[in-house]
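This briefing covers helix packing and a handful of individual residues. The sequence and structure come first, followed by the notes.

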Amino acid sequence: MRSPRPYSPQSGPGTPSLTERRKAATQLDIARAACELFAEHGPDGTTAEDIAHRAGVALRTFYRYFRNKQEAVAPLLAGGGDAWRALLAEEDPGTPLAQALERAVRRALSDSQAVEEGLEVTRGLLRAAASDEALRAVWYRVNQESEERLVPVMARLAGPGADAMSVRLLAAASTDAIRVALEVWSASDAPVSGPGSPADLAVRCLTELTGAMPLLR
């Protein structure tokens, strides 16, 4: 998983305001600090005060955005899903779905130093989550939300005649392919690229989970 791309001005009514951008930046700073500290000291060895101090914000600012220390990692995790959906949305309708999915997965999980750095942060976080139920709950919730947001992207690529349930199943399988790949990779010492990497494992998971789906035939 990686953090959202640096903000670039966009036109149109959906452009975030300066206040919204500052809020998002602060949340992401807190999320990065939380991920670093969880990887270094574990959830039990990290307090909300520690996270706020590492992020350079007041404790009251921390609690303005997050209910507890585990929730603080959500923006960083969600950024990975945002990036992957954006890459998939760049595919042209009519492109064979299997090709579009594999290409987006590989691009989301490889090909840049920023991605590799984000993956190492994710590895530390998922290892910490193995012993923290609340942290795992945040991970699963972020994946569920990403799956729901993936459905309209998948529907657009599948075309107007696609069966709605098949589209939802494909969105669920694609999300789980990446989730399982990251979990398996994080528990290993495999590299961030090449055999055994997140991209390699995610493509394998995607193939095995979706191979029999009508939309990909």
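Arg179 touches Trp139, Tyr140 and Asn143, not counting residues up to four places away in sequence; contact means heavy atoms within 4.5 Å. The model is predicted, so local features need pLDDT of at least 70 and side-chain atom pairs count only at pLDDT 80 or more, while totals for chains, interfaces and linings use all residues. Residues are numbered from 1 along each chain as its sequence is written, and side-chain values use heavy atoms, with hydrogens and water left out.

- Arg179 is found in helix 8; helices are DSSP runs of H or I with at least four residues, numbered from the N terminus.
- Arg179 is buried, because its relative accessible area is 17% (buried means under 20% relative accessible area, exposed over 50% and partly exposed in between, with a 1.4 Å probe and protein chains only).
- From Arg179 to Cys205 the C-alpha distance is 9.5 Å, and the two are 26 residues apart in sequence.
- Cys205 lies in helix 9 and is likewise buried, with a relative accessible area of 18%.
- The contacts of Cys205, leaving out residues up to four places away in sequence, are Ala177, Val180 and Ala181.
- One of these, Ala177, is 28 residues from Cys205 in sequence, and their C-alpha atoms are 4.9 Å apart.

**Helix 5 against helix 9**

- Helix 5 (residues 97–108) packs on helix 9 (residues 198–210) at an angle of about 155°, with the axes 9 Å apart; axes are lines fitted to C-alpha atoms, for helices over the stretch in contact, and angles run from 0 to 180 degrees between N-to-C directions.
- Helix 5 is therefore roughly antiparallel to helix 9 (angles under 35 degrees count as roughly parallel, over 145 as roughly antiparallel, 65 to 115 as roughly perpendicular and the rest as oblique).
- Helix 5 contributes Leu101, Glu102, Val105 and Arg106 to the contact, and helix 9 contributes Ala199, Ala202, Val203 and Leu206.
- By class, six residues of this contact are nonpolar, none is polar and two are charged (Ala, Val, Leu, Ile, Met, Phe, Trp, Tyr, Cys and Pro count as nonpolar, Asp, Glu, Lys and Arg as charged, and the others, Gly among them, as polar).

**Helix 6 against helix 7**

- Helix 6 (residues 113–129) and helix 7 (residues 133–158) have axes 8 Å apart and pack at an angle of about 125°.
- At that angle, helix 6 is oblique to helix 7.
- On the helix 6 side the contact involves Leu125, Leu126, Ala128 and Ala129, which meet Leu135, Arg136 and Trp139 of helix 7.
- The contact of helix 6 with helix 7 has six nonpolar residues, no polar ones and one charged.

**Residues outside the helices**

- Thr95 sits in the loop between helix 4 (74–89) and helix 5, and counts as buried at 19% relative accessibility.
- The side chain of Thr95 reaches the backbone oxygen of Asp92 at 2.7 Å.
- Not counting residues up to four places away in sequence, Thr95 touches Ala100 and Arg103.
- Thr95 and Ala158 are 63 residues apart along the chain, with 8.7 Å between their C-alpha atoms.
- Ser197 is placed in the loop between helix 8 (164–186) and helix 9; its relative accessibility is 3%, so Ser197 counts as buried.
- Apart from neighbours within four places in sequence, Ser197 is in contact with Trp185, Pro191 and Val192.
- Pro214 belongs to the segment after helix 9 and is exposed, with a relative accessible area of 54%.
- The C-alpha atoms of Pro214 and Val167 are 9.9 Å apart in space, and the two residues are 47 residues apart in sequence.

Note on methods
Helix = DSSP H or I, 4+ residues; strand = E, 2+ residues; numbered from the N terminus. Polar contact = N/O pair within 3.5 Å; in protein donor to acceptor, adjacent residues only side chain to side chain.
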